[in-house]
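Hi everyone, thanks for coming. Let me put the structure up first, and then I'll walk you through it.

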Amino acid sequence: MAASEENSGLFPIFILTMIALPLVPYTIMKLCHAASKKAKSINCQCAVCSRSGKYRKSIFKKISNFSTWSNLTLVLLWIIMGVLVYYIKNINREIQVFEPFNILGLQPGASDSEIKKAYRRLSIQYHPDKNPDPDAHKYFVESIAKAYQALTDPISRENFEKYGHPDGRQGFQMGIALPQFLLNIEGASGGILLLWIVGVCILLPLVVAVVYLSKSSKYTGNNVMHQTLSAYYYFMKPSLAPSKVMDVLVKAAEYMEIPIRRSDGEPLQKLFMLVRSELNLDLKNIKQEQAKFWKQHPALVKTELLIQAHSTRQTATLTPELQNDFKRVVELAPRLIDELMKMAVIPRTAQGHGWLRPAVGVVELSQCIIQAVPLSARKATGGSSEGNAPFLQLPHFNEAVMKKIARKKVKTVQEFRDMKIEDRAELLSQTGGFSAAEIQDVEAVLDMMPSETVEVTCGTEGEEGIQEGDIVTVQAWVTLKRANGLIRALPHAPYFPFHKEENWWFLLADQNSNNVWLSQKVSFMDEASAVTAASKAIEETMEGSGANPKETNKAVRDAVDKVKSGSRLVMGKFQAPAEGNYNLTCYLLCDSWLGCDRKTGVKVKVVKRTRAGTRGGVTEEGPVLEDGADEEEEIEEEEYDEDYESEYSEDEEDDKQNTKKENHANGKAPASNSGSGSDSDEE
């Protein structure tokens, strides 16, 4: 019986162990992630961001943020663990090993006279003749009398002192960590035990496998549906204009799952009238265009209208149901835009190149969604190729303020940032009519805006020139600086209802052929990962070049210091193309800020192959020419339509001309800077 009770007592210990094994490390991981996220959350302190409530740490918001299914499940499992610990503790008190000395209240090794005295004392207290309580009678017979007999009999006492049991050496016992009613095979519990074994050993793993496989067959590792990636790959074209990227974005399968309600018809009709100018409709055939727009799938119509409502800052007019749909649409947007960008730069040509024009359009769309700025605001104006869009991300700015500032010869955000603080304050107060508090908000956002520099080198190992077919290694150091001294920070985005981390896309591309030779995503949020990646890359490069350990260690230390000071290392490889001079452009495009992009020129000279083997080479780095090429290959600038088109707008005739000049061309991208923040670096 004691063995059965002992086995039954092992069951809660078994359950406790099975819960604790995954729960403890998962909890530690969640806590570390939360601490890391808290350290990263350095957000804008302007009044507009404060009023948005996105960073407000109210008790209700903390509870709502905590009340996710994963967190609630975690808390429930810890409560179950606490209950099991309490239960096991009480069970251990009830199931005790037979200890004669403890029962009689003596120390081990007591003499016979002490044992007799203790027995007489306890007999007076628990003997049935002295105490009529049934529990006292049971305790006297099963414990006191048995303990006295075990200690007064010489053989029993010797066995207990030697082996810990009055009957001598005990055999090895094994128990099953199951409750007692399941072990009663002779009774009706045999079937229960069988069901338990089948459920735990067969059904539970099968259910977990089915759930995992069903999700993995529907979603990728980035939590994006496979159907979405297929649609993005199909609709992505080399000549896709930035104004058309929205049409591809809304075709995500995730957006097709947004509920369609009859009650949304009238609010969506009103919303359509508010954002109609942003829908790229042909005004000459407006009736036909409107009918064509409403003939699309209802989910596509709703998604595009909600995104346009966000970019034009009209979300306050939405109904509560549409507000919930809007939050879902905007929450998915950064993740989907990330995958859309990958579909743009994925190798498409025989040389393994992606497409530049749609890639730039995807980043431009991301900037407009994060900052809630309409794409039409990017239309080029007199002094800026990005239009008024960069100014609209600043707090308290509107069209009227921008017109007044433009009269003072301030055309771009970069010019505005380069002004002295006193001059800028005077301009805002006298021309824009800003108060002191509003000027302080503008200064806080300008201090948060990043400035980047890029240092690019290209080459292979061991030689001085690049020959056809060589594997060329690109090494670029991207350095970020802010006026407030921060490196890791969340962007100023008061109209975007969720936390959004800054990311940059590094593109090495040929504007003339519309090809992206190399692409990589860059983040300044995780310094530890950047240190590890840079150390490993530099170490492999130095070892490959034949450097000694001392030189390698010094190079690694220098790289680590650069990363900690606000730089990130970008490394990649591409195969040298056919013989010729190539004027490439290095793009550094931010997905969150407008007017903070950077372009740097990289000249690559490829000579005809004269000998076998891998050869090395170097490039010259310099500012991007206004015409984007040498004088012999000068390309005339394009004229822009009244509709919004970026610097990479569609032009079929130029596409045909470039196809004749460049056999591998997929589109055309005339060379011009993408706004004040995209001016070329002069290294």
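A word on the model: it's predicted, so to speak of local features we need pLDDT of at least 70, and side-chain atom pairs count only at pLDDT 80 or more, while totals for chains, interfaces and linings use all residues. Residues are numbered from 1 along each chain as its sequence is written, and side-chain values use heavy atoms, leaving out hydrogens and water.

Okay, the chain. We've got 26 helices and 10 strands; these are DSSP runs numbered from the N terminus, with helices being H or I of at least four residues and strands E of at least two. Out of 683 residues, 44% are buried, meaning under 20% relative accessible area with a 1.4 Å probe, protein chains only; exposed is over 50%, and partly exposed is in between.

Pairing here takes at least two DSSP bridges between two strands. Strand β4, residues 471–481, is joined to β7 by 9 bridges, and Gln475 stands opposite Met571 in β7.

Last stop, helix α10, which covers residues 189–218 and holds Leu206.
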